[in-house]
Amino acid sequence: MMGVSGGDDDIVQIRQPDKPGDPFIITVNCPDKTGLACDICRIILDFGLCIAKGDVSTDGAWCYIVFWVIPRSVLLPVTSYLTDRLQAICPPCLASFYLIQQPSRSSPVYLLKFCSLDRKGLLHDVTRVLSQLELTIQKVKVTTTPDGRVLDLFFITDNLELMHTKKRRDETCDRLNAVLGGSCISCELQLAGPEYECNQGISSLSPALAEELFRCDLSDNEVRSQALSPDMTKLKKTNVTLDNSLSPVHTLVQIRCADHKGLLYDIMRTLKDMNIKISYGRFSPNAMGYRDLDIFIQQKDGKKILDPEKQSGLCFRLKLEMLHPLRVIITNRGPDTELLVANPVELSGKGRPRVFYDVTFALKTLGICVFSAEVGRHSALEHEWEVYRFLLDDNCEFQLTSVVARNQIVDRVRRTLMGW
């Protein structure tokens, strides 16, 4: 049996780097649960941290996880909020390992509504403030009026669970007023009402558009459009193999693939959604843009994966998530140009962190204004997807009707999302 933690203070430990540029070392030592590694990777990704390498081990009751992480673009202090967030998802340390998992309490949803004068980069600047305040964006509705005003509806939850206090609400509005400056016309923050349920979906996707967005492979056109990205040649070399000869009770999954931001999260999310338990895993450092992983796994019943169909299905799912974890396309919506980004939602209902942040950052760096934006859910390929839709303002340096310009936009957005 692995060492038992002496209390909640020992569950998560974060060691500061010895010198600038060295990784932080995150250690989690707590009772095990299926999908815990996925939940940890999700929070690390949400904090803008890159997992340089990692080790995961469990005896079925207790787990020990070590991640070496490097700030990629830290939005929050690494040690303060991160420790609290990681401790919150760990099962409690009880004398008995026969734990009854209590259902997680959902955080209340708040509506942040503000009106301001439009300007380049406005949407990303607001998103950055919300991220710094540990506020998670659940849904978004952004509209630009003919007179150049922007009406934004952000449905948010508070990771600190303090939004019920006047101090927290005032702090949020003050920070937004500071970044908006004189362009801010009004800012309101309150509990979301029926309007949140009304904004759960997105504008209807045509069958042709849905097919293009959710297809299972990269088309020839998309590969050609990504000729600007040398990383695309690496994406074709993903390799996943299963080996049942090295352990009497475990299946070894060996993965070699091109590295991208959130890679370990994508792998762990896939295993979690397929209800597969990880007994041991090693995540190697980046070598020439590639990652190697060795993961010993079991099915829910504690047995190896011997069924050829299940083996094939697992390999296919893992390859798909590593080759195509996010979907990015640009298309016409009537006379306007629309950018669409989609990512699969976990079975737990959680979407991928920081997608809205990364997309708005990419558009800001390109000098492209957003005329309107919305975020919602869509069901396709037996999965639920989070879909981000951005109508782009044609009053920018890009000729949005140009194929070359469109390819550049898609390329920049995808590279930002993938961390290239």
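**A sheet and its helices in a predicted model**

Gly35 counts as buried, because its relative accessibility is 15% and buried means under 20% relative accessible area, with exposed over 50% and partly exposed in between (1.4 Å probe, protein chains only). This glycine sits in the loop between S2 and H1, where helices (H or I, at least four residues) and strands (E, at least two) are DSSP runs numbered from the N terminus. Although Gly35 and Met268 are 233 residues apart in sequence, their C-alpha atoms are 7.2 Å apart in space.

The structure is predicted, so local features need pLDDT of at least 70 and side-chain atom pairs count only at pLDDT 80 or more, while totals for chains, interfaces and linings use all residues. Residues are numbered from 1 along each chain as its sequence is written, and side-chain values use heavy atoms, with hydrogens and water left out.

Met268 also takes part in a helix pair: Ala37, Cys38, Asp39, Cys41, Arg42 and Leu45 of H1 make the contact with Leu264, Tyr265, Met268, Arg269 and Lys272 of H9, contact being heavy atoms within 4.5 Å. H1 and helix H9 (residues 263-273) pack with axes 8 Å apart, at an angle of about 150 degrees. These axes are lines fitted to C-alpha atoms, for helices over the stretch in contact, and angles run from 0 to 180 degrees between N-to-C directions. H1 is therefore roughly antiparallel to H9; angles over 145 degrees count as roughly antiparallel, under 35 as roughly parallel, 65 to 115 as roughly perpendicular and the rest as oblique. The crossing of H1 and H9 is left-handed, meaning that the near helix is turned anticlockwise from the far one by less than a right angle, whereas clockwise gives right-handed.

Turning to the strands, an open sheet of eight has the order S8-S5-S7-S6-S15-S16-S14-S13, with antiparallel pairing; two strands pair if DSSP finds at least two bridges between them. Strand S8 (184-191) and strand S13 (327-333) each have a single partner strand and stand at the edges, so one side of each is left without a neighbour in the sheet. On average, neighbouring strands are turned by 25 degrees against each other, direction ignored.

Within this sheet, nine bridges join strand S6 (residues 135-144) to strand S7 (residues 149-158), and Thr136 stands opposite Thr157 in S7. Four residues lie between the strands of this hairpin, where Gly148 takes a positive phi near 85 degrees. S6 is also joined by four bridges to strand S15 (residues 370-380), with Val375 in S15 as the bridge partner of Val140. Eight bridges link strand S5 (residues 110-117) to S7, and Leu117 has Arg149 in S7 as its bridge partner. Helix H6 (residues 207-214) packs on the sheet, touching S13, strand S14 (336-344), S15 and strand S16 (383-392). Helix H12 (residues 403-418) packs on the sheet too, touching S13, S14 and S16.
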